[in-house]
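Please read these notes beside the sequence and the model.

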Amino acid sequence: KVVVVVRDITFQKRNEEKIRRLAYFDTLTGLPNRQSFLERLDHELLRARRTNHRMALLFLDLDHFKRINDTLGHSAGDCLLQTIAERLQERLRAGAFISRPALDESGLHFARLGGDEFTVVLPDVDTAENVCAVAQRVLSLLGQPVLIGEQEITVTSSIGIALFPDDGEDAATLLKHADTAMYYAKEQGRNNWQLYHQSLTTQTT
C-alpha cells in the first residue's frame, strides 16, 4: 500500500519570501536595507582581501531633506526618496567607471540606511579618481529636478567617500569614516563630495 501526500507549499514559500524581503529590503524604496548592506559590505571586504583589490564606500545624505518634509509633507518626502532610489538603480552604471572580470557579480551595490541616508559600495576600484567620478555622477543624477504632483523639486546631496584598505579594513570603520567625510562635505557648503582623510577624525575628536 502506497500513501501519497501532496502539500501545496506555495503559501509557505510566499510567506518566507515576504519575511526575507522585510528583513533585508527597505519597504519604501525597495533598496537593500542596513542589515542587507552590512552583509554585502562584509562579503565585498572578504573578496577584496582575497583578491588584493581596493574598494570604496560612498555615504550620501540629501541636503535640507527635513525642509521638504516640513513644507510639502511626508508623502512628498517619500516620493522624493523613491525617485532617488530609482535613479541610483536605473541610471548609475558601474561599467562606465569600473572594469571587472566578466564572470564576477557585476555592478554597484546600493542601500538605504534609513531616513535620507543612502550608500553605494564600489567593488574592485582601480583608483580614487574612478571613485570620485562615480560620486560626481551621483551628484549630477540627484541634482536633477523631481516632479512631485505639480511641484518641481530640486534636491542636492553631500557625499563622503572611504576607501579600503586606506581608510579602514572593516565595515564599521569604513562606514564611520565615510560618514565623517559626508559631514565634512556638508561643512564645505553641501552639494559636493569629499574623500576621507585622517585629519577629519582628528578634527572631530
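1. How many salt bridges does a search of the whole structure find? The search finds eight, where a salt bridge is a side-chain nitrogen of Lys or Arg within 4 Å of a carboxyl oxygen of Asp or Glu. Please keep in mind that this is a predicted model, in which local features need pLDDT of at least 70 and side-chain atom pairs count only at pLDDT 80 or more, whereas totals for chains, interfaces and linings use all residues. Residues are numbered from 1 along each chain as its sequence is written, and side-chain values use heavy atoms, with hydrogens and water left out.

2. The protein chain contains seven helices and seven strands, these being DSSP runs numbered from the N terminus (helices H or I, at least four residues; strands E, at least two). Read from the N terminus, their order is α-α-β-α-α-β-β-α-β-β-β-α-β-α. Of the contacts in the protein chain with a separation of 6 or more, 68% are between residues 24 or more positions apart, a contact meaning heavy atoms within 4.5 Å.

3. As to burial, 45% of the 205 residues of the protein chain count as buried; the term means under 20% relative accessible area, with exposed meaning over 50% and partly exposed in between (1.4 Å probe, protein chains only). The protein chain exposes about 11,400 Å², of which carbon and sulfur atoms supply 50%; accessible areas come from the Shrake-Rupley method with a 1.4 Å probe, and for residues only the protein chains shown count as cover.

4. One of the salt bridges is formed by Asp26 and Arg112, whose closest N and O atoms are 3.0 Å apart. This pair links distant parts of the chain, since Asp26 sits in the loop between α1 (10-24) and α2 (34-51) while Arg112 belongs to strand β2, 86 residues apart. Asp26 is buried at a relative accessible area of 14%, and Arg112 is buried at 12%.

5. Lys186 deserves a careful look. Its side chain meets that of Asp61 in a salt bridge (2.9 Å, N to O); because Asp61 lies in strand β1 and Lys186 in helix α6 (residues 171-187), the pair ties together parts that are 125 residues apart in sequence. The side chains of Asp63 and Lys186 also meet in a salt bridge (2.9 Å, N to O), and, as Asp63 lies in the loop between β1 and α3, this pair ties together parts 123 residues apart in sequence. Both Asp63 and Lys186 are buried. Elsewhere, salt bridges that share partners join Arg40, Glu44, Arg47 and Asp124 into one network.

6. Not counting residues up to four places away in sequence, Glu117 touches Arg34, Phe59, Leu60, Asp61, Ala111 and Arg112.

7. Helix α4 (residues 74-91) has 18 residues and should span 26 Å at 1.5 Å a residue, which agrees with the 25 Å between its end C-alpha atoms; the expected span is 1.5 Å times one less than the number of residues. Its buried residues include Ala76, Gly77, Leu80 and Leu81, and among the elements that cover the buried residues of α4 are β1 (54-62), α3 (65-72) and α5 (128-142). Leu80 counts as buried at 0% relative accessibility and touches Phe65, Ile68, Val146, Ile148 and Val155, not counting residues up to four places away in sequence.

8. The peptide bond from Phe164 to Pro165 is cis, with omega near 5 degrees, and Pro165 lies in the loop between β6 (157-164) and α6. His64, although not a glycine, has a positive phi of about 55 degrees; His64 is in the loop between β1 and α3. Arg190, likewise not a glycine, has a positive phi of about 65 degrees and is placed in the loop between α6 and β7 (193-195).
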